[in-house]
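Subject: Structure handover

Hi,

Here is the structure I promised to pass on. Please open it before you read further, then go through my notes below.

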Amino acid sequence: METGGLEWLPVPAHRLVSWGAAGAMVFGGVVPYIPQYRDIRRTQNAEGFSTYVCLVLLVANILRILFWFGRRFESPLLWQSIIMIITMLLMLKLCTEVRVSNELNIKRRSFADFDLNYFWHWSKFTDYVQCVLTFTGVTGYITYLWLDSSLFVETLGFLAVFTEAMLGVPQLYRNYQNRSTEGMSVKMVLMWTSGDTFKTVYFILNQAPFQFSICGLLQVFVDVAILLQVYLYSSYPQKPASHPAHPASAKAL
């Protein structure tokens, strides 16, 4: 792993910092989902977690892996995407099982129905897997055909990181609509900000593709905007949250 900003450190410390930073990049994104997974499993209630978070992160990380074939970037970033995909599939499996077990006399929906009204609201985990595999196959084939086009490859990389960068925007918009941050954990937003800041600095120091740095800065901007909402809306009467919210449900490191 290249560590262009750390040459001044002694060799052993240099390696430790490099390994620590790489480990944080690979596993840091899934850490918030561990207590969330345990909480959903314990309470058998997944209402506070949006499975669209899984959809966004699956799309973003699949595109990032495909981007790697066109423009090789650091292996920790590649492994981060693989670990995140596995984590999101585990979250989907649990949420689907919990939701179906709590629903009575509800018509079962499947991916094979091709009903857009029930897209990503299927009754079996295998339907989500089929959708992910279909998306991966189609985008993988298109990437194979256009792999020699630098414009396509750079656009693919931008779409991958931009999709993930937009993950905090629904929370920002929800706060704006409600003129309230009730039900949102300020501590979790601070974790988002610190994590995204670390990630962006990592991208810059290790000279990751420019798309990573730009979208990392965009994520930090969204995090800061949410923190500003906390300050601005603190003077407004707080509205009760519509349902118990899992504060970690809308972001990833």
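Is R64 buried or exposed? R64 is buried, because its relative accessible area is 3%. Please keep in mind that this is a predicted model.

**Overall fold**

The protein has nine helices and zero strands. Along the sequence the pattern reads α-α-α-α-α-α-α-α-α. There are 253 residues, and 44% of them count as buried. Take the contacts between residues at least 6 apart in sequence: 76% of these join residues at least 24 apart. The protein exposes about 14000 Å². Carbon and sulfur atoms supply 67% of that area.

**Salt bridges**

Side chains of opposite charge can pair when their charged atoms come close. The structure holds six salt bridges. One of them is R64 with E164, with the closest N and O atoms 3.1 Å apart. R64 sits in helix α3 and E164 in helix α6, so this pair ties together parts that are 100 residues apart in sequence. E164 is buried too, with a relative accessible area of 5%.

E164 also meets K199 in a salt bridge, at 3.7 Å from N to O. K199 lies in helix α8 and E164 in helix α6, so the pair ties together parts 35 residues apart in sequence. Both E164 and K199 are buried. Salt bridges with shared partners join R64, E164, D196 and K199 into one network.

E154 and R71 form another salt bridge, with 3.2 Å between the closest N and O atoms. This pair links distant parts of the chain: E154 is in helix α6, R71 is in the loop between α3 and α4, and they are 83 residues apart.

**The nonpolar core**

The largest nonpolar core has 46 residues. Which of them touch the most other members? They are I40, F49, L77, M88, W120 and F212. The elements giving two or more residues to this core are α1 (11-27), α2 (33-43), α3 (51-70), α4 (75-102), α5 (125-146), α6 (150-165), α8 (186-205) and α9 (210-232). Helix α3 gives the most, with 11 residues.

T87 lies in helix α4. T87 counts as buried because its relative accessible area is 14%, and the cut-off is under 20%. A polar atom of the T87 side chain lies 2.8 Å from the backbone oxygen of I83. Setting aside neighbours within four places in sequence, T87 contacts V30 and Y33.

Q229 is in helix α9. At 8% relative accessibility, Q229 is buried. Which residues does Q229 touch, not counting those up to four places away in sequence? The answer is L172, N175, Y176, T181 and S234. Q229 and T181 are 48 residues apart in sequence, yet 7.3 Å apart in space, C-alpha to C-alpha.

Best wishes

Methods
Residues numbered from 1 in each chain as written. Predicted model: local features only at pLDDT ≥ 70, side-chain atom pairs only at ≥ 80, totals over all residues. Heavy atoms only, no water. Core = buried A, V, L, I, M, F, W, Y, C linked by side-chain atoms within 4.5 Å. Buried < 20%, exposed > 50% of the residue type's maximum accessible area, 1.4 Å probe, protein only. Helix = DSSP H or I, 4+ residues; strand = E, 2+ residues; numbered from the N terminus. Polar contact = N/O pair within 3.5 Å; in protein donor to acceptor, adjacent residues only side chain to side chain. Contact = heavy atoms within 4.5 Å. Areas by Shrake-Rupley, 256 points an atom, 1.4 Å probe, with all protein chains shown as cover. Salt bridge = Lys/Arg side-chain N within 4 Å of Asp/Glu carboxyl O.
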